[in-house]
Amino acid sequence: MRVLDALGKKKIVLGMVHLGALPGTPFSEPGEYEAVRAKALSDALALAAGGADGCVVQNAGDRVFAVDDADPVIVAAMADIVRAIDQATEPAFQIGVQILRNDLKASLAIAHVCGGSFLRCGALIGTTITASGIMEGDPYAFQAYRSRIHATDVALIAEIHSMHFTWLGGRPIGDIARNARAAGAAAVSLCDPDESVALRLIDDVRAAAPDLPIFIGGYTDHGNVARLLANADGAIVGTAFERGGRGGAVQVDAVREYVDIVSRL
């Protein structure tokens, strides 16, 4: 079953697999890749054991990123890791791919070939400012590529309000959500460190696109998830599961406790 097939039937919990620095990136060290790969696999297995519905594999540990086209060595490493996770987990555990800053084509190719079922898209549409520079979506070129490689079964979760970027132009979040859906998004992801702002954003998207699934893409924890997910469909969770914060080892008990809270909503 694809990860979005269960939306409307249950709240979905996706955990982050934050990779360490990959080979060839500025902050990587020679000989570290096997340890990075082993930790990624361990984190994914911990998410699965804790009851998460899936994971998003993201190269967060690279720290600095090309805006659009990732180095081939990053693509190769992430393909290797995604395939390893796919082979080590049950089919029901869904795997998403996100190559930062926004290499959607390479992410799609990895998911399509290596067992992934969805992408987390930093910029499917529009223009944003990131720490890496200006990030622009190109939905026509991306969807043409998606069609050409016959990967339309890989679902797209489009980030529309994120810790990773700021929109240019100050467009209403409801308009962005509708445009993302028109460009092929099966769901959208949003978040804000201010809980009241996050709840307002959810309401605005619901009003503009009532049938569009919404993921909370950050800043949830065991204390606030019940409130934030009351009117949303799922959460993408990182630091709340990781020992010592972002990049730490995923803790099965933290995942299980969070999933138990969500299952009661």
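In this predicted model, Arg 264 is exposed, because its relative accessibility of 63% lies over the 50% cut-off. Arg 264 is placed in the segment that follows helix 8 (252-263). Although Arg 264 and Lys 11 are 253 residues apart along the chain, their C-alpha atoms are separated by 9.5 Å.

Eight strands form a closed barrel in the order 1-2-3-4-7-9-10-11, and their pairing is parallel. Between neighbouring strands of this sheet the average turn is 25°, direction ignored. Strands of a sheet pair through backbone hydrogen bonds, either parallel or antiparallel. Five bridges connect strand 1 (residues 12-18) with strand 2 (residues 54-58) in the parallel sense. Within this pairing, Val 17 faces Val 57 of strand 2 as its opposite residue.

Strand 7 (155-161) pairs with strand 4 (residues 118-121) through four bridges, again in the parallel sense. Opposite Leu 119 stands Leu 156 of strand 7. Strand 7 is also joined to strand 9 by four bridges, and these two strands run parallel. Here His 161 has Leu 190 of strand 9 as its bridge partner. Of the seven residues of strand 7, six are buried, so the strand is largely enclosed by the rest of the structure.

An open sheet of three strands is also present, with the order 6-5-8 and antiparallel pairing. Its edge strands are strand 6 (133-136) and strand 8 (166-167), each of which pairs on one side only. Strand 5 (residues 127-130) and strand 8 run antiparallel and are joined by two bridges. Thr 166 in strand 8 is the bridge partner of Ile 129.

The largest nonpolar core has 78 residues, among which Val 57, Leu 124 and Phe 241 touch the most other members. Helix 2 (residues 72-88) supplies the largest share of this core, with seven residues. A second, separate core has twelve residues, including Leu 14, Ala 187, Phe 215 and Ile 236. When neighbours within four places in sequence are set aside, the contacts of Phe 241 are Val 13, Gly 15, Leu 47, Ala 249, Val 250, Gln 251, Ala 254, Val 255 and Tyr 258.

The buried residues of helix 6 are Val 197, Ala 198, Leu 201, Ile 202, Val 205, Arg 206 and Ala 208. An α-helix has 3.6 residues a turn, so residues three or four places apart point the same way. The elements that cover the buried residues of helix 6 include strand 7, helix 5 (173-182), strand 9, strand 10 and helix 7 (225-228).

The structure contains eleven salt bridges. Side chains of opposite charge can pair when their charged atoms come close. One of the salt bridges joins Arg 200 and Asp 204, with an N to O distance of 3.6 Å. Both residues lie in helix 6, four residues apart, or about one turn of the helix. Arg 200 is partly exposed, with a relative accessible area of 45%, and Asp 204 is likewise partly exposed at 32%.

A further salt bridge involves Arg 206, whose closest N and O atoms with Asp 233 are 2.7 Å apart. This pair links distant parts of the chain, with Arg 206 in helix 6 and Asp 233 in the loop between helix 7 and strand 11 (234-237), 27 residues apart. Arg 206 has a relative accessible area of 18% and is buried; Asp 233, at 16%, also counts as buried.

Asp 211 and Arg 181 form another salt bridge, at 2.5 Å from N to O. Their positions, 30 residues apart, are the loop between helix 6 and strand 10 for Asp 211 and helix 5 for Arg 181. Asp 211 is exposed, with a relative accessible area of 59%, whereas Arg 181 is partly exposed at 33%.

How values were computed. Residues numbered from 1 in each chain as written. Predicted model: local features only at pLDDT ≥ 70, side-chain atom pairs only at ≥ 80, totals over all residues. Heavy atoms only, no water. Core = buried A, V, L, I, M, F, W, Y, C linked by side-chain atoms within 4.5 Å. Buried < 20%, exposed > 50% of the residue type's maximum accessible area, 1.4 Å probe, protein only. Contact = heavy atoms within 4.5 Å. Pairing = 2+ DSSP bridges. Axes fitted to C-alpha atoms, helices over the stretch in contact; angles between N-to-C directions. Salt bridge = Lys/Arg side-chain N within 4 Å of Asp/Glu carboxyl O.
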